[in-house]
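Here is a short report on one protein chain. Look through the sequence and the model first, then read on.

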Amino acid sequence: MNNLINYLPPMLYGQELDEALTVLPPYDPNIIHTDAATRIVALSDIYRVFLSNTMSREIYAKLYLGLLRSLQKKDTLLVPRQYVENQKAIQMVESSGILGGADSFTIIGASGIGKSSSISRSIHLISKVPIIVTEKPYRQVIPCVMVQTPFDASVKSLLLEILRVVDSKLGSDYCAKAMHSRNTTVDTLIGCVSSVCINHVGLLVIDEIQHIVGQKAGGSLARCLMQLINSSGISIAL
């Protein structure tokens with residue numbers, strides 16, 4: 001079997017990591033001779049500036065190691081057993097999690113300090129190959145998939161969004177099939193999304209998870225995420 005971790009770029013650290021994370025848009029000194037409107041529009045480049053810091057370095061390390069562990073598990077003998085268990089869930093038969101998700105984690109911090117920006121920069125560095133493709137066995141794996149928690153903490157909306165993002169990258173039709181199925185329930189969707197994650201996703205990042213707080217469906221979404229972590233076997237970052 002192909003070793004998926006061989007498709008990962010080398011892990012960066014120290015000054016090399018700081019330079020890779022930093023984004024400084026080019027500045028053209030001749031812009032001072034242009035009209036006011038052009039200069040004002042050019043000011044928007046300041047929002048592209050990103051400077052590496054302790055938080056961004058820690059986030060990079062967490063995401064890289066989470067992806068590494070997730071890809072390692074895809075080459076174990078537990079994967080086919082977990083896939084069978086997920087098929088039971090799709091058929092509304094009692095199933096269980098085998099792979100587990102001990103390598104999942106949360107990133108917590110005050111709003112506006114740059115968590116999402118740091119995550120985006122880190123994903124850019126660790127996803128040098130947009131889609132990992134192996135021949136024996138043939139499979140397509142997206143290194144990182146990032147979705148947003150629905151504002152109303154809807155379980156079904158989040159699960160369908162994960163399928164939609166996977167479809168947009170692979171050209172598959174998992175989301176359409178799930179939406180048009182007559183027997184689609186939250187339990188069957190969890191089984192479907194878990195199997196898709198086993199086959200096609202390395203690391204799943206669920207942003208804006210604070211939306212579950214104060215929402216009527218927040219508790220249901222929290223329990224859904226726990227089940228997804230146990231059944232998908234991939235690293236999930238909240």
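## Contacts and overall make-up

Two residues are in contact when heavy atoms lie within 4.5 Å. By that rule, residues 24 or more positions apart account for 78% of the contacts in the chain with a separation of 6 or more. This is a predicted model: local features need pLDDT of at least 70, side-chain atom pairs count only at pLDDT 80 or more, and totals for chains, interfaces and linings use all residues. Residues are numbered from 1 along each chain as its sequence is written, and side-chain values use heavy atoms, with hydrogens and water left out.

The chain has 9 helices and 4 strands. Here helices (H or I, at least four residues) and strands (E, at least two) are DSSP runs, numbered from the N terminus. Their order along the sequence is α-α-α-α-α-β-β-α-α-α-β-α-β.

## Strand pairing

Two strands pair if DSSP finds at least two bridges between them. Strand β1 (residues 132-135) pairs with β2 in the antiparallel sense, over 4 bridges. A hairpin of 2 residues joins β1 to β2. Ile-132 has Val-141 in β2 as its bridge partner.

β2 also pairs with β3, this time in the parallel sense and over 6 bridges. Val-145 stands opposite Leu-204 in β3.

## Nonpolar cores

Of the 238 residues, 42% are buried. Buried means under 20% relative accessible area, exposed over 50%, and partly exposed in between (1.4 Å probe, protein chains only). A nonpolar core is a set of buried Ala, Val, Leu, Ile, Met, Phe, Trp, Tyr and Cys residues joined through side-chain atoms within 4.5 Å.

The largest nonpolar core has 31 residues, and Val-145, Val-147, Ile-162, Leu-163 and Leu-204 touch the most other members. At least two residues each come from β2 (138-148), α6 (155-170), α7 (174-180), α8 (186-200), β3 (201-207) and α9 (218-232). α6 gives the most, with 9 residues. A second, separate core has 24 residues, including Leu-17, Leu-21, Ile-59 and Leu-67.

## The surface

The chain exposes about 13000 Å², and carbon and sulfur atoms supply 57% of it. These areas come from the Shrake-Rupley method with a 1.4 Å probe; for residues, only the protein chains shown count as cover.

Where does Leu-51 lie? Leu-51 sits in the loop between α2 (36-42) and α3 (54-73). Leu-51 counts as exposed because its relative accessibility is 53%.
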